Amino acid sequence: MTVRRRPRLSRPLKTAAITVTALAAIATAAVGCGALPGSSGESGDPVTVMTWAPDRTQATDMPGMPAMARAYARWVNDHGGLNGRPLKVLTCNDHNDSVGAANCARRAVKANVAAVVGSYSQHGQAFLSPLEAAGIPYIGGYGLTEEEFVSPMSFPVNGGVVALLAGNGRQLARDCERVALVRPDTLAGDLLPGLLNSGLAQGHRKPATDILAAEDSGDYSRQAAEALTAAGADPSLVSTLGREGASERAREGCVTAALGDRTDSFFDSFRRTQEDHQKVQISSVLGSVDQTSVDRTGGASGPYEGAYVTSWYPAADDARWDPMRRVIREEAFGDHRIDPANAGVQTTWIAYTVFKQVVESLGDGEVTARTVARALDDGVRVGTGGLTPTLSWRFEDTVAASEFPRLVNANVTYQVVRDGRLVAARKSAVDVSQTLEEAS
């Protein structure tokens, strides 16, 4: 029998769940794993890093993340490397399980990498323990686990799932009298309800109804019907309120889902189930819904039209993504694994942008896990072209949320699906630091 460890959270968060399952990376064999050392003593010596993510699993897959990492390395090396040093990227498939995640971390240690950069895994304890023992920094993970916001070797570039769910609660509080949350019945999912509820509470709304779903299910009709009823779209109300009255009540209800790659399946079931119910507002978060999923499910005629989506970053059509798009065109044209609208690809781009600037800050000094971690701890400040605030990981730069001591960027953006495109619903980012502080 598998014993699930409860997240180390304060009372308001103990029933919550980190949902977002959404996302994963390409798991191809490590290219030349161990062939080159991860340290660089002189200009011209290679700098070795690793990027991992799950691929070809029954849950969330993100093949674009390692593929983006390799494309970035080709681009950097075509333009003189990192201060004259070639960048070597190793990749690993964590298989969406703790054993795979630990194996990837041990491979990184054996290869003596300078950092693990832009990776995705739901098994923070499994991969961070080996990295901590070896002193290897973990830069720009996806933010799925509590450990990523606790470990001294973790340097997150976004607010992770915690910021998304807190921001989603604030986004929905404006319009939603009743909210139902559909999230995975997993350890990672157990953080979500408390975070969403903290955002709803700031808008003086009641806690959401928490609806659990199997992460690898193919049909979510039961959860869809339960969510609709919880949001106020109960067909039986027509007999008491009348059709117009029941529809009016339903318009004040919202259903938000964070099931990663299975979110499409849920909303497909939801769309069919809703034919017998009144309409409610739907919502999700980045990693569960992005432009790719909107396109894949029919665009403007699909189930996501009109949906609210909470993101970490600017919308995919924002000009601030142009440098990333240029690198993809130059180094990975035709590689369909790399979708510039995918949150994993975007996070990988930002994480490597950070790593590049950290290496540059070292000048001609050696580039090792120790020197990279020291530079990050000493307060090197890095810019991301406006995709995030300027990032720094000193104690004074962290958000005052006791449960998430490594969190430095609590910005989220509000988006909406309009005419089949994810567009900004608000021009400026929203800082959910206070929401997270109150949730801790």
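A residue is called buried when its relative accessible area is under 20%, exposed when over 50% and partly exposed in between (1.4 Å probe, protein chains only). The model is predicted: local features need pLDDT of at least 70 and side-chain atom pairs count only at pLDDT 80 or more, whereas totals for chains, interfaces and linings use all residues. Residues are numbered from 1 along each chain as its sequence is written, and side-chain values use heavy atoms, with hydrogens and water left out.

**View 1. The whole chain.**
The chain contains 13 helices and 13 strands (DSSP runs numbered from the N terminus, H or I of at least four residues for helices and E of at least two for strands). Of its 440 residues, 60% count as buried.

**View 2. The disulfide of Cys92 and Cys104.**
Two disulfides are found in a search of the whole structure, a disulfide being a pair of cysteine sulfur atoms within 2.5 Å. In the one shown here, the sulfur atoms of Cys92 and Cys104 are 2.1 Å apart. The angle about the S-S bond is -85°, and the link is left-handed. Cys92 belongs to strand β2 (residues 87-93) and Cys104 to helix α2 (residues 98-110), so the bond ties together parts that lie 12 residues apart in sequence. Cys92 and Cys104 are both buried.

**View 3. The disulfide of Cys176 and Cys254.**
The S to S distance between Cys176 and Cys254 is 1.8 Å. Because the torsion about their S-S bond is about -70°, this disulfide is left-handed. The pair links distant parts of the chain, 78 residues apart: Cys176 sits in the loop between α4 (160-173) and β6 (178-184), and Cys254 in strand β8 (residues 253-257). Cys176 has 0% relative accessibility and therefore counts as buried. Cys254 has 1% and is therefore counted as buried too. With bonded cysteines counted along the chain, the disulfides follow the pattern 1-2, 3-4.

**View 4. Strand β10 with β9 and β11.**
Strand β10 spans residues 308-311. Tyr308 and Thr310 point one way from β10, while Val309 and Ser311 point the other way; all are buried. Strand β9 (residues 281-285) runs parallel to β10 and is joined to it by three bridges (strands pair if DSSP finds at least two bridges between them). On this side, Ser284 has Val309 of β10 as its bridge partner. Strand β11 (residues 411-418) pairs with β10 in the antiparallel sense over four bridges. There, Ser311 stands opposite Thr413 of β11.

**View 5. The β-α-β unit of β9, α9 and β10.**
Strand β9, helix α9 (residues 291-296) and strand β10 make a right-handed β-α-β unit. Right-handed means that, with the strands pointing away from the viewer, the path from the first strand over the helix to the second runs clockwise. The two strands of the unit are the parallel pair joined by three bridges.

**View 6. The salt bridge of Glu177 and Arg205.**
There are 17 salt bridges by the rule used (a side-chain nitrogen of Lys or Arg within 4 Å of a carboxyl oxygen of Asp or Glu). In one of them, the side chains of Glu177 and Arg205 meet with an N to O distance of 2.7 Å. This pair also links distant parts of the chain: Glu177 is in the loop between α4 and β6, Arg205 is in the loop between α5 (192-202) and β7 (209-213), and the two are 28 residues apart. Glu177, at 34% relative accessibility, counts as partly exposed. Arg205, at 22%, is partly exposed as well.

**View 7. Further salt bridges.**
Asp335 and Arg337 form a salt bridge whose closest N and O atoms are 2.7 Å apart. The relative accessible area of Arg337 is 34%, so this residue is partly exposed. Glu366 and Arg370 form another, with the closest N and O atoms 2.6 Å apart. Glu366 counts as partly exposed at 34% relative accessibility, and Arg370 as partly exposed at 44%.
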